[in-house]
Every structure is written in C-alpha cells, then in structure tokens.
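Student: Can we go through this one together? I'd like to start with the sheet and then look at some helices.

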Amino acid sequence: MPRVKNSAPLPPLPPPPPKTQLFLEAVTQLELKKAAALAPAAYGTWWMNLVREDPWHVVVETLLLIFVVYLLFLKKPKKSRSELTKADVEELINDWKPAPLVPPLSETDKKVLASTVVVSEYLGSDQLVCGLPGERPVKCLNLTTYDFLGLSTRNELKESAKDTLNEYGCGSCGPRGFYGSVMPHMEIEAAVAKFMGTEGAISYSDTASTLSSTIPAFAKKGDLVVCDESCAQAIKVGIDLSRARAIYFKHNDLADLKKTLETVARDDRRLGRDPSMQRRFIVSEALFKADGSMAPLEGLINLKKQFGYRLILDETLSFCVLGPTGRGLTEHLGLPVMEVDILVVTLEYGLASVGGLCLGSTEVVDHQRLSGAGYCFSASAPPFVSSTAERALELVVKEPKQLLGALRANTTLARRFLDASAASTWLETSSDPLSPVVHLSLRPNVAKMISRDSSNKDSFAVEFAALAKVSGRCLTKGRTALCLGRRIAAEAPSTSRPTLRIAVKASLTEAQIREAVKAIAEACRAVLPTPKA
C-alpha cells in the first residue's frame, strides 16, 4: 500500500481575550448582564496587574480604603455632654456681664453732653424754644442755624413745597442713577448751573454725600490729593474713600502748599515718574467751617496751573453769601468760575433747603452720573426740597439788596459791636470779616490762665469747657442760643481750637445783634477769669 504523507500541523489557537477586554466590550455594547458577570474577574485582573506594576500604590490605596471603612462603619461618635449641672449654668448666666457697646464717657464727653442745647420748638429763623439738658426750655434768640438769608420762613418757599408735594408726592422712591430722577431735580441742576455760569450741575440728596461722592468719583487708588489741613470732615471722608494718596498742607499757607508741590515734582524726577499718568488734585474750602477764614483762591489757581493739578473747591458756606449777587468766592474775587475745575455748593444754608450740587464742565458732571456713589446708590432728595431751593434762588436773584445786602450789613455790624464790647477782653475772632459765621475763641492770655488753674493737660478740653460755660450762661441768662464748635480729635489739626459760633442772618435787627453781644459780654464777665492789664 502506498505510504500516506502526514499533513502539516495546525497553527496554535490564539489566546482568549483577557477578561478586562471582554468586560470593556460588554460595557461598550451595553450588554449589562454580561458586564456584571465579568466585572469581578476583570477587577481581579486589573488589581493583580497593578500589584505587579506599582505595589506601593496598592498598599497606600488599601490603607485608605480600610480607613474609610473604619470611619463609616466602625468608629462610634462620642456623645457630647456638658459636665455643668443646671445650677452651674444658671449661676454663670447670672454672673455674666456683657461688654459695653461703646466706651464709657470721658470727662470731656460729659461736658459736651451737658452743654448741648435741646431744641423744643422752632419759631422761625430768629427764635427758638430751647434749653440745656435737665433745665426748663426758654424762648431765645437763634444764632445757631445757618439760615443766612432768613428764607426758611418765606411764604413763597412754603407754597412751592406744597405745590410740589401735591404733584409728585413726598419721596422719589429711588436713587438718581436709576428711577429716582424727577423734573424738580433736573430743574434745580439747570437753574444753579445757569446762575453760577458753569456748563452743568449734578445734584445729590445732601451736602455731606456731595463732597464724599465727588472726590472718589475722580480720585482713585494711586492718585494724589493735596488738601488743606482744616478742611471739613466730609471732604476728608471723600479722600479716605478714594484710597488716593493724601498730603495735607498748613491751613491757608500758600508757601507750604508750594513747598509740598515742589517736593512731589522732585520725587517725580528722582523716580522717573510721569506726572501725566497720575490724577492730581488740590482741595480747599472757600470759607472754612472750622474758623471762618477765606481761602487764597487766586494763589491756589496759580499753583494748580503751575504744577498741573486740578482744583476742587467747596463753596458750601460762600454760595449765596459772597459776591455782589451771591455767586460765591469766585465772583467776590472777580475770577472766572471755570478756573475752578470742580465746584461744590449746598442748598442748605443760603437757600434754606436740603441737598448739594457739584458744578463744572459737561465732562465733570456726566462722569459723576455713572461714578458718583451718592448719585447712583443713595435715595434722591424729595422733589419738594429741590423745587423749594429753586424758588429760593429766584428770590436771591430778584432781591439781592434786601437779602445779600442785609446779610453783609449785619455781619459788619456784629463784628463792630463785638470789637467794641467788653467781650473782646476775653474773646477774639479768627473768621474773615465777610464770613456770616463769626468764630469766637479765648484770647491766648485768658486760655493760659484757665489752663494753668486746671489739672487737665488737654488744652482743647479746658478751653471747650470754659466756652461751654459762656454758651450756657448766654442761654439761661441772656436768652441767646450760640453754637459751640467741636472737633473729631483724630482728624482735626493739632492747632485747632474750640470756638463759639455766631450765625448772622439777614433777618436780624440791629437791636437783636446789640442784645446778643451784650449777653456774650455779661456771660464772659460772670464765668471767665479777668485777665490782668
């Protein structure tokens, strides 16, 4: 038989795919039952491969898994229980004394409260019913409120307020920047801008927010503000809110201001700093609230031009007071109003209303409509106070002689009577002759006598207490209410002194001014030591 040759051997079968691959294929094909059956084997294969490749990873992961299981199932939470009995808790509660919300009053604070006049009734621009704490109120001459032109009692203003209330209601129900603008707001802006001769004006709900919003609207972190050290609190708040670098120069001292600006210019050259890359401002008041002095505006304008700064001027006390027609310090000195870059005025003193305005170029005004915090976020002023201010401004324009002329005449009269009276033996004035707020402070020799006899080393507190006695005596015996100037110690210049403030008004008569000066002189004679000749 023929021999049969053996056929070639068959190739070996390929190894079966690993369990992990089969598991992944089942998951991809959504064969969930098959995937569930393969899952333990696939996990075991993955685990063994991981042990061979990275055993330390497996050790750490295993320990973490054991720790998680311990936290979830084995660790028993401790029961929190107080070791104090109910009696102990009650005893602790009875013994607990809360810390005071405010620090205890100092002796100066107590004297301030004791000298604070409590007003019971307002009888008009010139009359009040008031008294010291704990004493019976009396009717007296009002020399405290800053209603310089005496317009608060005019029937024209009352009728204007009544008509606006009937048309618009009391409040505007929102900020100016959203839905709180009504026609009286825009009308007072246009009226004051036209009166002052500026391109535009923007109104705020009060004077303080005008100053504290205007400055941070323009000055930011990294900018520079050079400010008079005696500027009012609202200005310093605005500077703080701006986060700009602040430098304070001596009060009304142009030489010190120039020295400050020259120092900044030298630093620019030394550091290679471009002045145009930093916004820089000079800030001052026209008539200072602290002492009634007048700013050297012409010198400020010259320096701001020489060194490339912008000037912010607060005309709060000088608006509707200074100048032949009441347009403020710029008119009084014969300077163009646009020489001042940013101008702030109030409706509260000369116009007997509420609110403040910032005036300037169109760019200055429009910029604040988006960046003035008080404009964008604070509730706008009630419409009736804006219409009242507009009506008051019309009276100022219509009756400059009866209002502004009478105010200047009474201011001159008050200063003449004070200088000629016995009060000048104890008191002196630092305010400008045209300031309707006359500041009276103790003469240096009188202050020295009082400080020498006092154990208090704080000269401000000692002088304040002495003037408080004069003010109280004027009220109780002379039936004359005066304002006693205070300060915020942390922010006032070290050279500041307390003052008695006489608010002169156009509505006062010569007899009233004479009686007020007589009351001040008699009070000084009664409560202050007589200086040696």
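Student: What is the strand order in the open sheet of 7 strands?

Tutor: First, a heads-up: this is a predicted model, where local features need pLDDT of at least 70, side-chain atom pairs count only at pLDDT 80 or more, and totals for chains, interfaces and linings use all residues. Residues are numbered from 1 along each chain as its sequence is written, and side-chain values use heavy atoms, leaving out hydrogens and water. Strands (E, at least two residues) and helices (H or I, at least four) are DSSP runs, numbered from the N terminus, and two strands pair if DSSP finds at least two bridges between them. The pairing here is mixed, and the order reads E4-E10-E9-E8-E7-E5-E6.

Student: Which strands are the edge strands?

Tutor: Look for strands that pair on one side only. Those are E4 (200-204) and E6 (245-249).

Student: In which sense do E4 and E10 pair, parallel or antiparallel?

Tutor: Strands of a sheet pair through backbone hydrogen bonds, either way. Ala-201 stands opposite Leu-359 in E10. Over 5 bridges, E4 and E10 (residues 356-360) pair in a sense that is antiparallel.

Student: At what angle do H16 and H19 pack?

Tutor: Angles run from 0 to 180 degrees between N-to-C directions, and axes are lines fitted to C-alpha atoms, for helices over the stretch in contact (heavy atoms within 4.5 Å). H16 (residues 400-420) and H19 (residues 510-527) have axes 10 Å apart. Among the contact residues are Phe-417 of H16 and Val-517 of H19. The packing angle is about 35°.
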